[in-house]
Amino acid sequence: KIFMNTLKCLQSNEFLLHVDLWRLFVNLEEVNKISLSFLKTFFETAKKHVSKSDSPMDFSSILRTFFQGDLCQTHQIYCLNYTSTVFYLEKLRQRDFGIYLKQWCERNEQCKRLHLPELLVAPLHRLTWYPLLLNNIWKRSTDETEKSFIQSLKEKVEKSIRDPEGKVKWLDNFQKFRQLQEVIIWPQVWDRDKRFFVPECLKQNLREKSSENILSSANRLLLHEGRLMLAESTRLLDVYLFLFDDFLLITKIKHNLLTNFIFYSQKYGGSDTSLIPVCPSLTPELQSFIREGGFCTVLDQPIPLDRLILKNTEPVHIPVFSLQNAFLTQHENRYQQCIAVFLLQAQTETAKKAWMSQIETAISNYTTQQEPKKSTASCFPVESSEI
């Protein structure tokens, strides 16, 4: 209420009008109203039973009214919008709204030093506590009919938790990939490798399909990411790796490109790149990198996990070639020919082991998932020459 009512008051005086109350608080007022009504009714029934020992403990009607009514539904609506709310809040905090939060609200004693994100997550936690409450009532109930009814309510609430949980994860993943689509640049093949010469008059005909669509799949998962060094013949190149559940992508880090700066300035209506909204589920390092106006340019084609060979560097190579915390990734084509090799170096031995472990696990999981598909494909009859 401190955050919401103060904002409403300011907006009535034509301040902070750019802040969308629904996107920030969703149906929080309704959630609070229904939750408070449930608690009051619940405790009034308990109080009557304590004051009058002959009064029946009739919790069933209360539970039926609320848990078969709007209690879980309102929480579900809030949960489904929670990820978008966090993303929107992160965007607002880069502007004058951040001053409003710190100076007007968070200093209030009633906030008990809690910030708005810590308060906004509370309804999600509350929803997960309801099955525990129902389970405790079920344990202490002596009537079999009542126990059966409470058990059915508990299962319904647990299902209502699982449903939005999956949708929230999907939305979170969708927003993360949408941000990655803006950050990752896919050069044309003649820009990636100077060996491929294409006259300007033919480039339009040979222009590749939009590579950004590779990251548009809602089912793809980002398993691991981070900064490494790529060893070249004369230097170490700063690279950023994205390990997905089906391929590994190696990108070059580009800082503060003028064209990208202009692009974001036009898109978000200002020249300050700190106003760029950043998905909160990305790593802090990548969030900081995006706010600085940085981009990632794809170094080479994605390496499918079933064609990725991972090799550790031998200890004897470390003093000879000054290879610190290094490992090799090898890209093989469908004919088992090596078409690319990348010598990568981590900052620490621990980081190196973490990367190798993540890649090995991803390869193993991907291979396991592909085996049933291959066996199914091999079961199909050979096509007739007449077809």
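Is Lys 176 buried or exposed? In this predicted model, Lys 176 is buried, because its relative accessible area of 13% falls under the 20% limit. The residue belongs to helix 9, which covers residues 144-183. Leaving aside residues up to four places away in sequence, Lys 176 touches Leu 222, Cys 279, Ser 281 and Leu 282.

The chain as a whole provides the setting for this residue. The protein chain contains 15 helices and 9 strands. Of its 387 residues, 39% count as buried. When contacts between residues at least 6 apart in sequence are considered, 66% of them join residues at least 24 apart.

The rings of Phe 38 and Phe 42 form a tilted pair, because their centres are 5.7 Å apart and their planes meet at 50°. Phe 38 and Phe 42 are 4 residues apart in helix 3 (residues 28-51), which means that about one helical turn separates them. Both of these residues are buried. Phe 38 also pairs with Phe 67: the ring centres are 5.5 Å apart and the planes stand at 80°, so this pair is edge-to-face. Since Phe 38 lies in helix 3 and Phe 67 in helix 4 (residues 60-67), the pair ties together parts that are 29 residues apart in sequence. Phe 38 and Phe 67 are both buried. One aromatic cluster is formed by Phe 38, Phe 42, Phe 43, Phe 66, Phe 67 and Tyr 130.

Arg 64 is placed over the face of Phe 149, at 4.4 Å from the ring centre. Lys 147 lies over the face of Trp 138, at 3.9 Å from the ring centre.

Among the strands, strand 5 (residues 295-298) may be followed residue by residue. In a regular strand the side chains alternate between the two faces of the sheet. Phe 295 and Thr 297 point one way from strand 5, whereas Cys 296 and Val 298 point the other way, and all are buried. Strand 1 (residues 184-185) runs parallel to strand 5 and is joined to it by 2 bridges. Strand 4 (residues 247-254) runs antiparallel to strand 5, with 4 bridges between them. Thr 297 in strand 5 has Ile 185 opposite it, and Lys 252 also stands opposite Thr 297.

Two loop residues complete the tour. Arg 113 has a positive phi of about 65° although it is not a glycine. Its place is in the loop between helix 6 (97-105) and helix 7 (116-120). Arg 113 counts as exposed because its relative accessibility is 78%. Asn 325, likewise not a glycine, has a positive phi of about 55°. Asn 325 is located in the loop between helix 14 (317-321) and strand 8 (326-332). With a relative accessibility of 14%, Asn 325 counts as buried.

How values were computed. Residues numbered from 1 in each chain as written. Predicted model: local features only at pLDDT ≥ 70, side-chain atom pairs only at ≥ 80, totals over all residues. Heavy atoms only, no water. Buried < 20%, exposed > 50% of the residue type's maximum accessible area, 1.4 Å probe, protein only. Pairing = 2+ DSSP bridges. Phe/Tyr/Trp six-rings, centres within 6.5 Å; stacked < 30°, edge-to-face > 60°. Lys NZ or Arg CZ within 6 Å of the ring centre and 35° of its normal. Contact = heavy atoms within 4.5 Å.
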